[in-house]
Amino acid sequence: MKRECAFLLSLLLASGSLSFAQKAKVYTTTEQTVWKKTAVRVNSSSAKEADIIVSDCKEQLIDGFGGAFSEIGWDALSSLSDKQRNGILEDLFGEKGLKLNWGRIPLGANDFARDWYSFNETPGDFEMRNFSIERDTKTMIPYVKAALECNPDLILWASPWSPPVWMKATKHYATSAGDHNDFTKENEVEGDHFIQKPEYLSAYALYLAKAMEAYKDCGINISMLQFQNEPYTINQWPNCRWLPKSMANFIGNYLGPTFEERELDVDLWFGTFNCNKMEDLNCVMQDPAASRYLHGIGLQWEGKDIVAEAHKEYPSMKLMMTENECGNGSIDWAAAEHTFDLMMAYLGGGVNSYMYFNLVLGNEGYSSWGWRQNSLIQVDEKTQEVIYTPEYYLMKHVSHFVQPGAHFLKIQRGKDVLAFQNPDGKIVLVYVNKETQEKTLKMLCGKGEVSITVAPKSFNTIIL
């Protein structure tokens with residue numbers, strides 16, 4: 001990627017000379033106090049010794065931040081009054097909240113659906129005559145439309161967790177047995193879980209195309225599809241294993257041509273890729289038939305190990321972190337610090353967009369398959385108590401301020417800090433103090449210097 005270099009504090013330029021009369025805005029969140037606003041003076045400095053030095057070279061463009069919709073999340077929101085529900089949606093998607101501009105839609109059941117379902121469970125229906133998204137009209141579509149009320153510019157993308165079970169060699173939605181399903185040894189198969197026969201591959205491409213069309217008929221435009229969530233996961237909730245060559249064949253010879261023939265304005269991405277083997281990624285991305293249809297790569301979980309390598313190997317491809325690691329329902333400060341480490345890894349590795357997973361959960365965060373997970377907001381459906389978790393505020397310290405079209409900025413010196421330059425020229429620094437003592441830091445950006453004392457165990461956003 002060609003890097004464009006410029007002074008980071010160009011907003012301070014006036015008639016060709018720097019002015020340091022302004023103050024930087026600082027927002028701080030601790031476990032005791034959230035979103036405290038202060039200001040510090042920006043000083044002129046030529047000193048090269050500082051705790052944090054921000055490079056003056058721009059890296060990848062940032063397309064934004066988002067999260068995933070789910071049935072259980074909508075159930076939790078539906079347990080609240082209209083005023084509470086609308087307030088939460090504004091806090092996620094509105095101008096005063098996280099300002100999320102991406103939303104992920106599961107096609108059929110994910111692990112936070114109420115139970116297993118797909119859009120067509122009629123065996124042998126290769127022509128999709130019994131295809132229907134009727135269930136989604138009661139759950140997912142109202143959820144998405146409520147989010148669009150808060151942010152009409154929300155970009156929507158979709159991914160299925162599992163195809164209809166009759167399309168699978170396992171004859172089951174899951175990939176392994178567990179205490180929340182009836183998967184048995186008779187369902188186990190080696191290799192691909194999807195039946196690799198032309199009539200099944202053609203039918204599944206049609207199934208996914210009809211899902212895009214059905215949502216559009218309901219007034220929801222899905223801009224991008226990643227055709228399989230986590231093809232490497234083996235567990236008891238909905239999923240489906242695909243081998244790399246099979247994924248390349250499906251994208252290049254079935255999915256891409258079907259979307260092209262039906263003139264769907266939906267970008268195809270390879271994902272969501274939960275694997276750290278570059279050879280597997282290359283098997284798909286370098287396949288001549290598949291590559292002509294692919295616009296980007298979605299990475300999650302083990303994908304964090306190869307994000308920088310993928311960015312280097314495919315510099316023209318958009319990259320997305322598709323699913324923030326979802327924890328075990330602790331919704332505590334440590335979980336938020338872990339999420340910040342993930343942001344450092346993925347954004348530092350070159351992703352253009354970053355997705356949290358569960359926006360809202362009830363039932364103490366439990367999925368229908370027994371995995372308790374974290375969320376940005378947790379709802380007690382009996383008492384109507386609403387908890388904004390530390391991860392909510394961490395996301396707000398980034399997504400509220402970093403505008404689509406911002407550039408990521410590399411850190412020349414220092415750690416636990418992210419830096420961005422917005423299209424309006426403003427610099428956004430996000431620093432997390434993981435220590436139990438306050439720290440005084442000198443931050444150097446171009447010729448501007450800020451000295452700041454940060455509270456122990458705190459998230460801090462500095463706006464220059």
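In what sense do β19 and β20 pair, and over how many bridges? The pairing is antiparallel, and five bridges make it up. The legends below start from the whole model and then turn to this pair and its surroundings.

**Figure 1. The whole chain is shown as a predicted model.** The average pLDDT of the protein is 94, and 95% of the residues score at least 70. Residues 1-19 are a stretch where pLDDT stays under 50. For residues 1-19 the model has 40 contacts beyond four places in sequence.

**Figure 2. Ten strands make up an open sheet.** Read across the sheet, the order is β4-β3-β23-β20-β19-β18-β6-β21-β22-β5. The pairing in this sheet is mixed. Strands of a sheet pair through backbone hydrogen bonds, in either a parallel or an antiparallel way. The edges are taken by β4 (36-41) and β5 (43-44). Each of these two has a single partner strand, so one side of each is left without a neighbour in the sheet.

Figure 3. Towards β20, L418 stands opposite V430. β19 and β20 form a hairpin, with five residues between the two strands. In the turn, G425 has a positive phi of about 95°.

**Figure 4. Strand β20 is mostly covered.** Are the residues of β20 buried or exposed? Seven of its seven residues are buried. In a regular strand, side chains alternate between the two faces of the sheet. On one side of β20 are I427, L429, Y431 and N433, and on the other are V428, V430 and V432. Residues on both faces are buried. β20 is also joined to β23, in the antiparallel sense, by six bridges. In that pairing V432 stands opposite F459 of β23.

**Figure 5. Helices α9 and α10 pack against the sheet.** Helix α9 (residues 333-349) lies across β3 (23-30), β6 (52-62), β18, β19, β20 (427-433) and β23 (458-463). The helix runs at about 50° to β19. Helix α10 (residues 390-399) touches β3, β19, β20 and β23. The direction of α10 makes about 15° with that of β23. Ten of the ten residues of α10 are buried, so this helix is largely enclosed by the rest of the structure. Among the buried residues of α10 are E391, K396 and H397, as well as Y392, Y393 and L394.

**Figure 6. The largest pocket holds about 290 Å³ of space.** Its lining consists of 16 residues. Those nearest the centre of the pocket are K25, Y27, F401, K426 and I463. Strand β3 supplies three residues, the largest share of the lining.

**Figure 7. E302 lies in a loop between β12 and α8.** The loop joins the view to β12 (294-300) on one side and α8 (307-313) on the other. What is the relative accessible area of E302? The value is 36%, so E302 counts as partly exposed. Leaving aside neighbours within four places in sequence, E302 is in contact with N274, C275 and N276. E302 and W166 are 136 residues apart along the chain, and their C-alpha atoms are separated by 29 Å.

How values were computed:
Residues numbered from 1 in each chain as written. Predicted model: local features only at pLDDT ≥ 70, side-chain atom pairs only at ≥ 80, totals over all residues. Heavy atoms only, no water. pLDDT = per-residue confidence, 0-100. Contact = heavy atoms within 4.5 Å. Pairing = 2+ DSSP bridges. Helix = DSSP H or I, 4+ residues; strand = E, 2+ residues; numbered from the N terminus. Axes fitted to C-alpha atoms, helices over the stretch in contact; angles between N-to-C directions. Buried < 20%, exposed > 50% of the residue type's maximum accessible area, 1.4 Å probe, protein only. 1 Å grid on protein atoms, 1.4 Å probe; cavity = no way out; pocket = protein on both sides within 12 Å on 5 of 7 lines; lining within 4 Å. Points joined across faces, edges and corners; volume = space filled by probe spheres on them.
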